[in-house]
Amino acid sequence: MRVTQQLDQSAAPILDALAEHCRRDDASFAPPGHRRGRGADERVVKLLGRDVFVAESLALGGLDDRPPGQHALGLAERLMAEAVGARHALFSTCGSSLSVKSAMLAVAGPGDRLVVDRNAHKSVVYGIIIAGIEPIWVGPGWDADAQLPHPPGPDAVRRALDRDPDAKGVLLVSPTAYGTCADLAGIAELCHQRGRVLVVDEAWGAHLPFHPDLPRSAMHAGADLAVTSAYKMGGGLEQGSVYQLRGDLVDPAVLKLRADLLGTASPSPAIHVAMDGWRRQMVEHGKELLGRALRLSQRVRAELTELTAPEGPAGLAVAGRELVGPGRSADFDPLQVVIDVSGLGVGGTTAAAWLREQARVEVGLADHRRIVVRLTHADSEDTIRPLLAGLRRLVNARTALPAQTPVDLPDPADLEPEVVMLPRDAFFGNAETVPVRRAAGRVAAETITPYPPGIPAVVPGERISEAVVDYLRAGVATSAMRVPDAADPTMETVKVVCG
Ligand SMILES: Cc1ncc(COP(=O)(O)O)c(C=O)c1O
């Protein structure tokens, strides 16, 4: 759906309010107590600059001291909605971790069922716990050769909805942290045939509406509610997050209330300013800037494909169109350059650490066999030069690096969870810690997400199977697998429900 009203997208109301605030320089006895940085420690000001504090002084009360409908914040949100093809947009300064939870609370409450992508960020699992939702898990597509999960396809979602026709809707992650995308249009259609809501965790896709050669954004594909991080692939400040809403299935007033349930009463004005300015920048220059980023991505891909190890054909393999197809993804974001380094005999995490220490290059993500380089509208020939040089050096240094221990990753479908309690009841109920070898058959009271592949193996309320115990113990023993969110990351013990 496109918004018919034509707003003046050259306006940036929050930015203008900040300029006016600076011009007036009113005496203020309201928070923040640093008084435009005058009370901030000079050593902090030296590094951050005084302007950060000045922007932070733009109190929201002052910002919104205008007739209803003309609030700078409200106007900025309407401009954002129009720019991304939504009916409503709502800014948040609490990161998508919180927006995802509020979005879930807006469509499902205690005891409600929701079809949820198992390959989800931990904020989704925590949202299930907070809301008291009963999850109907839909497993990812699994590429056993590449050991890579793909977003669930329409058939898997249809089966889940058929199994649980009472489910309030579907929550998917798209794009994933690897830039792979679900068939959102197909899934939105089958949700809407049943009057069900499609919620998309689009934390990695804030830039998608601003270039036609990027995958279709959730709003353009027909999703009802999407959450984007304005700073991951966009130009906002950290924690800037936007709810986007279209259609009539989710009431914007309900979303606002649910966001208020968890959100802060003191949103950072600097984060608002940056989101407002970034939207205008994208409307005015997004096509050109993202077009440049897409060309850079093509260059990086072409150069890396040629960069093979001198003594053999194996080298760096850059993921491309083969990510797309039946049982795999519906599309992928070319700005997320997924580089398989296993041909060098090293792991992705080893390669990433080497690049950081030896080449002073930080990659976006690393797993047991890949690194992911994320290009944005801010990249240029200058920024990719050290990356390409670092990767060239990595290829030459590969024999000096520790070899990767192979990790045996089962198809997530083989670890089908048995949900026996509401995750919330298991999480907040009485729990005890037991040795992992005695955990099979018990009901989990914690989330255990092994990396790779980053898909929760255990969620509170699920019966822990023998297969899961074996998989986690074997994985951790190789030290190629980490379980950072477990209460005991060594996997010696597990938290289970008492009794
Ligand atoms: C898919 C996904 N959703 C949500 C989040 C949370 O976003 P934020 O870091 O803005 O809280 C992340 C964070 O990396 C993510 O990868």
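Helices here are DSSP runs of H or I with at least four residues and strands are runs of E with at least two, both numbered from the N terminus. The model is predicted, so local features need pLDDT of at least 70 and side-chain atom pairs count only at pLDDT 80 or more, while totals for chains, interfaces and linings use all residues. Residues are numbered from 1 along each chain as its sequence is written, and side-chain values use heavy atoms, with hydrogens and water left out.

Polar contacts are pairs of N or O atoms within 3.5 Å. A polar side-chain atom of S97 lies 2.5 Å from a ligand oxygen atom, and a backbone N or O atom of S96 lies 2.8 Å from an oxygen atom of the ligand. For S229, a polar side-chain atom is placed 3.2 Å from a ligand oxygen atom. Taken alone, the ligand exposes 380 Å², of which the protein buries 82%; these areas come from the Shrake-Rupley method with a 1.4 Å probe.

Attention now turns to H207. This residue is found in the loop between β8 (197–201) and α10 (218–221). H207 counts as buried because its relative accessibility is 1%, the term meaning under 20% relative accessible area with a 1.4 Å probe and protein chains only. Leaving aside neighbours within four places in sequence, H207 is in contact (heavy atoms within 4.5 Å) with L214, M233, W278, L290, D333 and L335.

Technical notes: Buried < 20%, exposed > 50% of the residue type's maximum accessible area, 1.4 Å probe, protein only. Polar contact = N/O pair within 3.5 Å; in protein donor to acceptor, adjacent residues only side chain to side chain.
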